[in-house]
Amino acid sequence: MGSKNHMKYPRRRAARAVLRAATGRVIRIFGDLEVVGTEHVPASGPIILAANHFNFVDPPLVLYASPRMVEFIGRANRPNSPLWARMIPQLWGFIRAYRGGFSRSTFKQSLSVLAQDGVLGIFPEGGSWASLLRPARPGLAYIALQSQASVVPISITGAEDLLGGPRRGVKIQFHPAMAPPQASVGGKARRAELDAYGDQVMAQIATGLPDGQRGKFSTDSAARDAALAVSDFPFHAEELRGG
């Protein structure tokens, strides 16, 4: 495996320990943070952490709350995020994903982390363009299938209100690990099975969210319609593409 496609795990231990502690202090200044279910994260072995993504503060929240060091997949370009939200991932280091295009390096580096019994963090929706649950992009199920790593779903609530207002409660809930998917050799049946697995992960994440934010899993027809309206991947600009 070439160096471009290999991601050492763990890495940057000292720098990340300092950054994690500083991030935790900042988070607790602005909000009342509650973290539950960390016992569902295995103490060793490969694992994928999959969380909903409603706000640009979600990655720092997961990095801080996880009991194990996370190597996460993040967008290579963040033109609409504030400077500090772009700096934390840069200082931490992350696996770059390019919206609008298939990135082989993203998948190969992700599999490299898991092959070293590492922890991979992923936001299956692919972006934070809405404050309600959207369908999982294909990457989560594909990585879980290829690595045969279990997936721990994570529900994040209150993060979109963390900054710019009165002190709010923020909750990060880790759910029981889900076994990796088993899929057919190829074709439409395989894609349907992977899509179904992504749906199962999102359904588990939905159980930890307010009903109005559960997207297609909401009991409210208006919330389901709203989720359908924002489910399409909205990033098509050339500058967001990559290899």
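What we are looking at is a predicted model, in which local features need pLDDT of at least 70 and side-chain atom pairs count only at pLDDT 80 or more, while totals for chains, interfaces and linings use all residues. Residues are numbered from 1 along each chain as its sequence is written, and side-chain values use heavy atoms, with hydrogens and water left out.

Gln 148 sits in the loop between helix H5 (139-147) and strand E6 (150-157), and its phi is near 55°, a positive value in a residue other than glycine. Asp 117 also has a positive phi, of about 60°, although it is not a glycine; this residue lies in the loop between helix H4 (104-115) and E5, and it is partly exposed, with a relative accessible area of 42%. As background, most residues other than glycine have a negative phi, and most peptide bonds are trans. The bond from Tyr 9 to Pro 10, however, is cis, with omega near -10°, and Pro 10 is found in the segment before helix H1 (13-30).

Let me now step back to the whole chain. Read from the N terminus, the order is α-β-β-α-β-α-β-α-β-α-β-β-α-α. Of its 243 residues, 48% count as buried, and the chain exposes about 11,400 Å², of which carbon and sulfur atoms supply 54%, by the Shrake-Rupley method with a 1.4 Å probe. If we take contacts, meaning heavy atoms within 4.5 Å, with a separation of 6 or more, residues 24 or more positions apart account for 74% of them.

Gln 213 is placed in the loop between H6 and helix H7 (221-229), and at 13% relative accessibility it counts as buried.

My last topic is the cavities. A cavity is a set of points, on a 1 Å grid over the protein atoms alone, where a 1.4 Å probe fits but cannot get out, and its lining residues have an atom within 4 Å of a point; points are joined across faces, edges and corners, and the volume is the space filled by probe spheres set on them. There are two cavities of 30 Å³ or more.

The largest cavity holds about 60 Å³ of space, and strand E2 (47-51), helix H2 (58-65) and strand E5 (119-122) each supply at least two residues of its lining. Among the lining residues are Leu 49, Phe 72, Gly 121 and Ile 154, and by class the lining has ten nonpolar, one polar and no charged residues. Here Ala, Val, Leu, Ile, Met, Phe, Trp, Tyr, Cys and Pro count as nonpolar, Asp, Glu, Lys and Arg as charged, and the others, Gly among them, as polar.

The second largest cavity holds about 50 Å³, and its lining has four nonpolar, one polar and two charged residues, with Arg 137 and Asp 195 among the residues that line it. Helix H6 (residues 187-206) gives the largest share of that lining, three residues.

Notes
Helix = DSSP H or I, 4+ residues; strand = E, 2+ residues; numbered from the N terminus. Buried < 20%, exposed > 50% of the residue type's maximum accessible area, 1.4 Å probe, protein only. 1 Å grid on protein atoms, 1.4 Å probe; cavity = no way out; pocket = protein on both sides within 12 Å on 5 of 7 lines; lining within 4 Å.
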